[in-house]
Amino acid sequence: MINKFSGTGVALITPFDANGSVDYTALTKLVEFVSEGGVNFLVALGTTAETPTLTSEEKSKVLECVKVANTANLPIMVGIGGNNTQEVVDKIKHTDFNGVDSLLSVTPYYNKPSQQGMYEHYKVVADASPVPVMLYNVPGRTGVNMTADTTLRLAQHKNIFGTKEASGNLSQMGYILRDKPTDFMVLSGDDGLAVPLASIGGAGLISVAANAYPKEISEMVRLALAQKYTEAAKIHLKMMELIDALFIEGNPVGIKDVLTNMGMIANTLRLPLVSSSPALTDKIKKLMAAL
């Protein structure tokens, strides 16, 4: 699994048309675009995909669209998570895993479980999953941080192969990397931390920016994993301000603005998210022009 999911994965957005319906034609073109750009794997139905606002039927259709569009046969990771453990298990049971290589599951949000609660939750999820599971720690979205100790306990489970760390805490990631089993992988969940994490043993990145800049982000990660940090840093520093701008008004607001400027999608989101403000749109256009 480390070879299959190292490097750059792209957290695919869900394009909507002007009426708010899922735009499967645009999604197909996006998958083709990022595949040609050199990403190593695809992540469908993550938080970047606005999954809280998708119906069960839409989620199934989005996943099927990604599978069909994946003519490059890249590994596919699918996001299935939640704060009701039994409901997550039920979602897993009703998902078609043909053509899917792994499951990405976020820590339970809102109800703020203890570390033991998170551990028990993931044990149940991993036991139910027909494919290997990657943990996903993103305190900024969930309101709770899964500690290095809990991650390392879960790393012993035979069906848990890694973690997407979006805590922003390099020290925490360092403890995981120091004490993890050899075959357990740590991916960055933050575009801006991919190079620093690679320098201490990280295996790659699940990227938002790669929706629009697959070649640049993939090359940056490739260089970092090859320990060519000076070259990787050049791309990191060049892209840094735009990457920061993507998250000013929440994700995927910024990246949808970028893709709209590129003519790839309509700048449509589902409430409670709204499209970028005029000030952010102007800022993003200037930063794109500078690149």
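Predicted model: local features only at pLDDT ≥ 70, side-chain atom pairs only at ≥ 80, totals over all residues.
Local features require pLDDT of at least 70 and side-chain atom pairs pLDDT 80 or more, whereas totals for chains, interfaces and linings use all residues. Residues are numbered from 1 along each chain as its sequence is written, and side-chain values use heavy atoms, without hydrogens and water.

Helices H4 (residues 85-93) and H5 (residues 115-128) have axes that come within 10 Å and cross at roughly 15°. H4 is therefore roughly parallel to H5 (angles under 35 degrees), and the crossing is right-handed. Contact (heavy atoms within 4.5 Å) involves Thr85, Val88, Val89 and Ile92 of H4 together with His121, Val124, Val125 and Ala128 of H5. Six of these residues are nonpolar, two are polar and none is charged; Ala, Val, Leu, Ile, Met, Phe, Trp, Tyr, Cys and Pro count as nonpolar, Asp, Glu, Lys and Arg as charged, and the others, Gly among them, as polar.

A pocket is an open set of points on a 1 Å grid over the protein atoms alone, where a 1.4 Å probe fits, with protein on both sides within 12 Å along at least five of seven lines; lining residues have an atom within 4 Å of a point. The largest pocket has a volume of about 940 Å³. Among its 38 lining residues, Thr51, Pro52, Lys59, Gly81 and Lys91 are the closest to the centre. Helix H3 contributes the largest share of this lining, six residues. The lining comprises 14 nonpolar, 14 polar and ten charged residues.

The second largest pocket has a volume of about 330 Å³.

Note on methods:
Axes fitted to C-alpha atoms, helices over the stretch in contact; angles between N-to-C directions. Helix = DSSP H or I, 4+ residues; strand = E, 2+ residues; numbered from the N terminus. Parallel < 35°, antiparallel > 145°, perpendicular 65-115°, else oblique. Left-handed = near helix turned anticlockwise from the far one by under 90°. Points joined across faces, edges and corners; volume = space filled by probe spheres on them.
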